[in-house]
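The sequence and the three-dimensional structure are shown first.

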Amino acid sequence: MSASLPMQTAQVSEADHQVVRVPRRRFRPRHLAGRVAVNVTGLIVIVVMAFPVYWLVISSFKPGKDLLTRTPQFLPTHPTLANYADALSRPYFWTSVRNSLIVTLVTVALSLVIAFLAALAVSRMRFHGRTAYIVMIIMVQMVPLTALIISLYLMLNAVHLTDQLVGVIFTYLAFVLPFTIWTLRGFVGNIPPELEEAALVDGCTRMQAFRRIVFPLVAPGLVATSVFAFIQAWNEYVLAYVLLSSQGKQTLTVWLAAFTTQKGTEWGPLMAASVLTAIPVVVFFLLVQNRMASGLTAGAVKG
């Protein structure tokens, strides 16, 4: 009995130290070819999307004679800042910057407040006409903006809001709100109601539960929505061109049209002015990109 015990121990130790060989996974040629095709396609898409921006930037540093050559120059041979100096010295540039900032920031702020309250109502409350309201939001987004210009102009002209920044802000709200409501509805709907109910059980009021639980979780959604709303309002041209007739009240996108005259288009200053117009959007995105995240509520409530 005592002699067999060491033999069993030796067998167990040998079994424990036995190396288990796992067969190597062989890569199939089809699988490798699929990966290469996906990567090449992604690279082509990136190049196609980034090339116009690259061409815009390098063209802003080229003199006029290099811009009009038939042979494309992918790098400026004689870089210059004269185009930027010309664009910055044009009349109404800084006035247009101020007008664009006022219109865009006010539009984004009002749209976020109104859309957030509407998203809370649609996601958390049950009322008659809720489905019809959601369908109406989708239908408004499908209507082309150009189809509403005449009716919007006549309506604003009747209340003396044409050629006024207030009229442009109200108009921008009309086409930014459906998008912001629909986007924030998804973020608010992903927040489990159990978190808010747990806060109420712990003694929080409805406002405290909203401030401490709901708002921090939906903050990334507000930031992401504000970025898209900012881009929509900042880059809009048609409505601003129709509603604003005074040069002192025009936005940057309307101001850019001044580079096209009867004598032709001044491509160098126009490229430089376009780069300057795109800078605020890039800066705004860089400031808020750290908050653009989703899935913060994943795992907050166990199923």
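**Basis and overall make-up**

The structure is a predicted model, in which local features need pLDDT of at least 70 and side-chain atom pairs count only at pLDDT 80 or more, while totals for chains, interfaces and linings use all residues. Residues are numbered from 1 along each chain as its sequence is written, and side-chain values use heavy atoms, with hydrogens and water left out.

Of its 303 residues, 33% count as buried. Here buried means under 20% relative accessible area, exposed means over 50%, and partly exposed lies in between, with a 1.4 Å probe and protein chains only. Among contacts between residues at least 6 apart in sequence, 71% join residues at least 24 apart, where contact means heavy atoms within 4.5 Å.

**Packing of helices**

Two packed helices are described by the angle between their axes and the distance between the axes. The axes are lines fitted to C-alpha atoms, for helices over the stretch in contact, and the angles run from 0 to 180 degrees between N-to-C directions.

| Helix pair | Angle between axes | Distance between axes | Handedness of crossing |
|---|---|---|---|
| H8 and H10 | about 155° | 10 Å | right-handed |
| H6 and H8 | about 130° | 9 Å | left-handed |
| H5 and H10 | roughly 140° | within 9 Å | right-handed |

A crossing is left-handed if the near helix is turned anticlockwise from the far one by less than a right angle, and right-handed if clockwise. For orientation, angles under 35 degrees count as roughly parallel, over 145 as roughly antiparallel, 65 to 115 as roughly perpendicular and the rest as oblique.

Helix H8 (residues 165-189) packs against helix H10 (residues 206-235) at an angle of about 155°. That makes H8 roughly antiparallel to H10. Residues of H8 in this contact include Tyr172, Phe175 and Phe179, and those of H10 include Val218, Leu222 and Phe228. By class, the contact of H8 with H10 has 12 nonpolar, 5 polar and no charged residues. In this scheme Ala, Val, Leu, Ile, Met, Phe, Trp, Tyr, Cys and Pro count as nonpolar, Asp, Glu, Lys and Arg as charged, and the others, Gly among them, as polar.

Helix H6 (residues 130-142) also packs with H8, at about 130°, and the two are therefore oblique to each other. Among the residues in contact are Tyr133, Ile134 and Gln141 of H6, and Phe179, Trp182 and Arg185 of H8. The contact of H6 with H8 comprises 9 nonpolar, 1 polar and 1 charged residue.

The axes of H5 and H10 cross at roughly 140°. That makes H5 oblique to H10. Residues of H5 including Leu101, Thr104 and Phe116 meet residues of H10 including Phe210, Val218 and Trp234. The contact of H5 with H10 has 14 nonpolar, 6 polar and no charged residues.

**Salt bridges**

Side chains of opposite charge can pair when their charged atoms come close. The structure holds 2 salt bridges, each being a side-chain nitrogen of Lys or Arg within 4 Å of a carboxyl oxygen of Asp or Glu. One joins aspartate 86 to arginine 90, at 2.9 Å from N to O. The other joins glutamate 266 to arginine 90, with the closest N and O atoms 2.6 Å apart. This second pair links distant parts of the chain, 176 residues apart: glutamate 266 lies in the loop between strand S2 (264-265) and helix H13 (267-288), and arginine 90 in the loop between helix H4 (82-88) and helix H5 (93-124). Arginine 90 is buried at 19% relative accessibility, whereas aspartate 86 is partly exposed at 25% and glutamate 266 is partly exposed at 30%.

**Individual residues**

Asparagine 83 lies in helix H4 and is buried, with 9% relative accessibility. Leaving aside neighbours within four places in sequence, asparagine 83 is in contact with residues including Ser59, Phe61 and Pro269.

Tyrosine 92, in the loop between H4 and H5, has a positive phi of about 70° although it is not a glycine. Tyrosine 92 is partly exposed at 38% relative accessibility. Aspartate 163 has a positive phi of about 60° and is not a glycine either; aspartate 163 lies in the loop between helix H7 (149-158) and H8 and is buried at 15% relative accessibility.

Definitions and conventions. Helix = DSSP H or I, 4+ residues; strand = E, 2+ residues; numbered from the N terminus.
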